[in-house]
Amino acid sequence: MRQEADGFSQRDASLMDALIRHSLQDNQAAGEARVQRLLACIRAQGLDVASNQHVGHATKQKIWSRRRWLPVSLGAAVVATLVFMLQTGGRQNAALAAVERSIIAETRNDAREYQVTLVARGAKGLQRTSTHQLFVRQRDFAICTTPRLGSGEIWIGGQDGEHWIVPRFGTVLVGDEELFKRPMLNNLDLETPFMSVAAILERIRYGYDLVLHPDVELKVGSKQTNCEHIVAIRKSRARPSIPERVEFWADRDSGFALRIELSWGPESQESRWLTASAQLIGTPALPDNFFDHRGHHASDRPVERMSN
């Protein structure tokens, strides 16, 4: 009985150990180490009631009766808190692992085609919807769209750090990434938040809180694919110009993002867009020069290299 008065009984300690280890399951060893340190602190809280010599026997018995359950009650509260924290942390770690798998998938040399839909803020509270095709392969990309007025196609893209714009007619423009920040893009109807799937995934890895939802099946072409479903909410300290919410579905086998949805929220004034989404269409076989501007215009077309 003296052992119980000084702290946990062996049974209480074993029970807490079992509960905490059960709650840990497959979490990282660092989490278990933190729990063990906290558990050791709880056990170290001696309840040496007998050392209070000036307290009468009846009073000591009453105090001991009330306090003997303090370690167990405190331990139970700690266990409940730890279970919640570890389960929450486990879900976040699982979501982060899914994001990491998708980032790694982006390094593979597989071309993919997405259908992108943008909803932009228009004048007088109206909304404007537009679509374009996005082709990606690692860090290379190409975007094809049609103008609001007239016919033909407009292409922009990037390969090995070189960016380019192929308008419907006239001079082809080539430069670095600053090329896309020029006012001419407003006239070309080519402003888009989707140029790199990898860049979106890397951004949510650091600037968002992640939650892993249950797997779902998405249809790509005629194939049903089992997907991991991740929701990312922008952290309060992150730049308000980036999407408030990112939701994406990744092929559990390959890691490739099959669908991505971005949302800035109706009250945001930091972006011209309200929502944007990219849906995987397929994995086409593309010519070698597809991500080079030469793959999208005649050989005699004039080309101008832009500098800052």
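**Salt bridges, cores and a buried aspartate**

The structure holds 12 salt bridges, a salt bridge being a side-chain nitrogen of Lys or Arg within 4 Å of a carboxyl oxygen of Asp or Glu. This is a predicted model, in which local features need pLDDT of at least 70 and side-chain atom pairs count only at pLDDT 80 or more, while totals for chains, interfaces and linings use all residues. Residues are numbered from 1 along each chain as its sequence is written, and side-chain values use heavy atoms, with hydrogens and water left out.

The mean pLDDT (the predictor's confidence in each residue, from 0 to 100) of the protein chain is 76, and 65% of its residues reach 70 or more. Over residues 1–8 the pLDDT stays under 50, and the model has 20 contacts (heavy atoms within 4.5 Å) for them beyond four places in sequence.

Side chains of opposite charge can pair when their charged atoms come close. Arg101 is partly exposed, with a relative accessible area of 36%, whereas Glu228, at 2% relative accessibility, counts as buried; buried means under 20% relative accessible area, exposed over 50%, and partly exposed in between, with a 1.4 Å probe and protein chains only.

A polar atom of the Asp251 side chain does, however, lie 2.8 Å from the backbone nitrogen of Asp253.

The largest nonpolar core has 43 residues, of which Phe194, Phe248 and Ile260 touch the most other members; such a core is a set of buried Ala, Val, Leu, Ile, Met, Phe, Trp, Tyr and Cys residues joined through side-chain atoms within 4.5 Å. Leaving aside neighbours within four places in sequence, Phe248 is in contact with residues including Val99, Leu201, Glu228 and Ile260. Another core, of 10 residues, lies apart from the largest one, and among its members are Phe135, Val174, Phe290 and Phe291.

Technical notes: Polar contact = N/O pair within 3.5 Å; in protein donor to acceptor, adjacent residues only side chain to side chain.
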